[in-house]
Amino acid sequence: RRSSDLEKELFESKENINDVNLLMKLKQNNVSFTTEDIKFLFEDTPVALPTKIAEVIRSASVERSVLELQNTIGLDLKENQDTLSVIGNAKKRLEELGQRLIPIEEVSKEELLKSYCNIWTSEEEIKTNCIKTPYKMLSYYLDGGYQTGLITVGARTGIGKTVVATQSVYEACEDGKSVLLFSLEMPTEKIYQKLVAMKAGLLLNEMRPQKGRSEETLEKIRWATEEVLKWKLTIISKEEVTLELIKSMVLQAKQKKEGLDLVVIDYLQLISTKGLKYGTRQEAVAEMSRTCKILSMALDIPIMILVQLNRHDKNDSDDRLPTKEDIKESGAIASDSDVIILIHRKYDDDSTDKKALIILDKNRYGQSNKKIKVRNVLEKGKFVDIEEENNTTEENSDEKIDWGNIEDIAEDTNSMDFTDDDLKDIFD
């Protein structure tokens, strides 16, 4: 009953209602709880990691011991006139209590380094918690793909950040990974439509209900739908998604049998600020970014967030290459991110062979300031490697690119001051 009263208190105060906050509230109200009480509270799947709950309980125990020590000091001073001895004993006890709050290393440094050495010296390629990207050169520079950390994908409106996210989800699901996708902008049907079209190898307009489609096309759609059904993919598409909902669902998904390998949030600035008590929008967005970063590190998975970019001023050219400084609303996003990927393409591109740039603007895992040229195939809802497109549609073309020299494809962008001629060369 007392637990229910406290849940009501949390609700009325607009604080997040979860197991950790509830335990803290019990502790603040001097309500004692036993192991059996905790088991009862967490009969359902907990929304916080067991280690986090253990930390809260341990902290409550230490605080209770400190309060008891205060009473003990008073009694000792009355019985013993040696004040220094009393202070010395109290200091020793406080140090012991402080040690209890320091996390115990589950694995020794020696064991940890030896396990790392075994990985580094292995003759077989080992990619733990690594999600392959849709693009060959991007995977190369990210040391195999998306790894544990905050992956930020940014672009101006309508340029293609959702395309990169959807392709990343597709690649992960095809590789048997478990994926949780929060779509705050696109309905579930449209996302599945894009994924099924990719699986079936169809144009997006062939997925629309219409007369005149061949039986072969319809059969491809049915087959691809059955294949997508086998994926470990969960899509959350709601009008209002809060940070607390994301945290709870991510933690619950991680504890399920199939686990969780990748989280995608499309996109960060659309997360509701309900429940976040911050003075400015920038502070609220910074909290969202930081929470995603902490979740990623705690669960040892990559979390991809999509973000909007803006122009420096209204006179900015549509073709100016974007940088991480263009991320809207909060500079904290760039600081928290382990990887920043920016997408750029020309607004008015009337060429028959449209290109786009994937700019690796930040990379804690290796080289950064790289731009990777890809072919724009948005009629299929994707960007493709130039090598892949050449091999499939232009087998005898004289324009094949020699992929032996990586720097020919992903050029350095250490200097972002491009002239109009430079930009024309990039897209030509």
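Predicted model: local features only at pLDDT ≥ 70, side-chain atom pairs only at ≥ 80, totals over all residues.
Residues are numbered from 1 along each chain as its sequence is written. Local features need pLDDT of at least 70, side-chain atom pairs count only at pLDDT 80 or more, and totals for chains, interfaces and linings use all residues, while side-chain values use heavy atoms, with hydrogens and water left out.

**Exercise 1.** Determine how many residues of strand β5 are buried, and which strands pair with β5.

*Solution.* Strands are DSSP runs of E with at least two residues, and helices are runs of H or I with at least four, numbered from the N terminus. Buried means under 20% relative accessible area, exposed over 50%, and partly exposed in between (1.4 Å probe, protein chains only).

1. In β5 (residues 302-308), 7 of 7 residues are buried.
2. One side carries P302, M304, L306 and Q308, the other I303, I305 and V307, and all are buried.
3. Two strands pair if DSSP finds at least two bridges between them. Strand β1 (residues 149-155) runs parallel to β5 over 7 bridges, with A155 partnered by Q308.
4. Strand β4 (residues 262-266) is also parallel to β5, over 3 bridges, and V264 faces M304.

**Exercise 2.** Describe the salt bridge between R93 and E96.

*Solution.* A salt bridge is a side-chain nitrogen of Lys or Arg within 4 Å of a carboxyl oxygen of Asp or Glu.

1. The N to O distance for R93 and E96 is 3.4 Å.
2. These residues are 3 apart in helix α5 (residues 83-100), about one helical turn.
3. R93 is partly exposed at 34% relative accessibility, and E96 is partly exposed at 38%.
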